[in-house]
Amino acid sequence: MTTQYDLIIVGGGPIGLACAIEAQKKNLRYLIIEKGAIVNSIFNYPFYMTFFSTAERLEIGDIPFNCLAPKPGRQDALEYYRNIHRYFNFSIHLFEKVNQVLKLEDQSFKITTDKSSYKSKNVIIATGFYDIPIEMNVKGEELPKVRHYYKEAHEYAFRNVLVVGANNSSVDAALECWRKGANVTMVIRKNEINNRVKYWVKPDIENRIAEGSIKAYFESNITEIGENEVEIKTPDGKVTIENDFVLALTGYKPDLSFLEKMGIELSNDELKTPHYNPETMETNIKGLFLAGVVCGGMQTHKWFIENSRIHANMIVDYITSK
């Protein structure tokens with residue numbers, strides 16, 4: 001630990017980069033530590049994913065996000081954030097995983113990674129939520145044909161595909177697979193497609209279900225997954241359907257155990273909301289801050305790029321005011 005940093009940012013996604021931009025403006029000695037590639041979560045999105053937000057709402061650092069389409073896609077975003085790095089030349093360590101953040105007696109922090117260790121006066125956790133799938137906890141979920149992440153439709157063409165869920169990722173996957181020739185069935189826990197589904201996509205999926213092109217079981221759950229079939233509990237009783245792949249796109253959650261190991265308090269309910277001051281984003285541990293979607297705990301829809309960019313200004317302004 002030869003370098004004493006003013007700020008270490010854990011996570012190199014858009015909000016972590018926004019925090020670094022503000023740190024640069026205030027001449028703080030900072031470092032971003034990212035376990036994968038730059039904006040790693042966006043890199044792992046489906047190839048043809050389109051953002052709900054328009055381009056200007058994904059901008060950071062007052063750098064324009066130029067995009068020909070009305071809504072940017074994954075490739076547009078990767079290009080933009082790579083160019084952001086080229087412009088600001090961040091102090092960043094990629095493919096280095098933070099294992100521990102420990103508060104020391106001198107009130108600084110020791111940050112231990114799989115490659116080194118560092119010391120910093122302040123730490124921002126901007127780790128997002130895309131790394132841990134929410135599992136269904138049913139028999140057969142461990143089979144190779146069950147996927148919690150979806151990249152593209154080609155391998156599912158002409159196969160029997162079951163898509164679990166009714167959010168954006170599930171709906172996009174169902175429509176793409178169907179259009180590539182898959183026989184698509186959806187299993188949906190509630191009685192309708194989620195209202196948060198992108199407004200230009202929601203009528204599409206509802207019409208495909210209404211005409212019978214995509215079969216949907218509402219108010220239903222998978223009870224067991226076999227090699228060649230899936231059992232579904234429906235309001236009309238148990239149904240068994242032929243199946244080649246299950247896309248269990250049931251959502252993702254932050255690494256809450258990582259937060260707890262640092263000593264960050266979580267709400268004592270199913271939401272597991274981390275404790276932080278909404279005016280400064282400082283947690284119950286002085287000098288340790290949260291930024292971005294991780295602030296919502298299990299409510300991963302609460303914070304996203306366009307409404308959490310402001311966290312960067314709030315945190316860095318508070319750090320430099322002390």
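Because the model is predicted, local features are reported only at pLDDT of at least 70 and side-chain atom pairs only at pLDDT 80 or more, whereas totals for chains, interfaces and linings use all residues. Residues are numbered from 1 along each chain as its sequence is written, and side-chain values rest on heavy atoms, with hydrogens and water left out.

The second largest pocket has a volume of about 150 Å³. Here a pocket is an open set of points on a 1 Å grid over the protein atoms alone, where a 1.4 Å probe fits and protein lies on both sides within 12 Å along at least five of seven lines, and lining residues have an atom within 4 Å of a point; grid points are joined across faces, edges and corners, and the volume is the space filled by probe spheres set on the points. The lining consists of Ala18, Ile21, Glu22, Lys25, Glu56, Glu59, Ile60, Gly61, Asp62, Arg309, Ala312 and Asn313. The largest contribution comes from α1, with four residues. By class, the lining holds six charged, four nonpolar and two polar residues, with Asp, Glu, Lys and Arg counted as charged, Ala, Val, Leu, Ile, Met, Phe, Trp, Tyr, Cys and Pro as nonpolar, and the others, Gly among them, as polar.

Glu22, one of the lining residues, lies in helix α1 and counts as buried because its relative accessibility is 10%, buried being under 20% relative accessible area, exposed over 50% and partly exposed in between (1.4 Å probe, protein chains only). Leaving aside neighbours within four places in sequence, Glu22 is in contact (heavy atoms within 4.5 Å) with Ala312, Asn313 and Val316. In helix α8, His311 is buried, with a relative accessible area of 1%. Residues up to four places away in sequence not being counted, His311 touches Met281, Ala291, Gly292, Cys295 and Trp303, and its C-alpha atom is separated by 9.2 Å from that of Glu279, 32 residues apart along the chain.

Two buried loop residues touch one another. Gly11, in the loop between β1 (4-10) and α1, has a relative accessible area of 6% and is therefore buried. Apart from residues up to four places away in sequence, Gly11 touches Gly16, Ile32, Ile33, Glu34 and Ala126, and the C-alpha atoms of Gly11 and Asn40, 29 residues apart along the chain, are separated by 8.8 Å. Ala126 is placed in the loop between β6 (117-125) and β7 and is likewise buried, with a relative accessible area of 9%. With residues up to four places away in sequence again excluded, Ala126 touches Val10, Gly11, Gly16 and Ala291; the C-alpha atoms of Ala126 and Cys19, 107 residues apart along the chain, are separated by 9.0 Å.Ser108 is found in the loop between β4 (98-103) and β5 (109-113) and is buried, with a relative accessible area of 5%. Its side chain makes a polar contact with the side chain of Asp106 at 2.6 Å, a polar contact being a pair of N or O atoms within 3.5 Å in which, within protein, one must be able to donate a hydrogen and the other to accept it, and for which residues adjacent in sequence count only if both atoms are side-chain atoms. Not counting residues up to four places away in sequence, Ser108 touches Gln4, Leu102, Lys103, Lys119 and Ser120.

In helix α5 (residues 202-210), the buried residues are Lys202, Asp204, Ile205, Arg208 and Ile209. These residues lie on the same side of α5, because they cover an arc of only 165° around the axis, the arc being that of the directions from the helix axis to the C-beta atoms. The buried residues of α5 pack against α4 (168-179), β10 (183-187) and β11 (215-217). Just after α5, Gly212 takes a positive phi of about 90°.

Positive phi values also occur in residues other than glycine, including Val39, with phi near 40°, and Asn137, with phi of about 60°.
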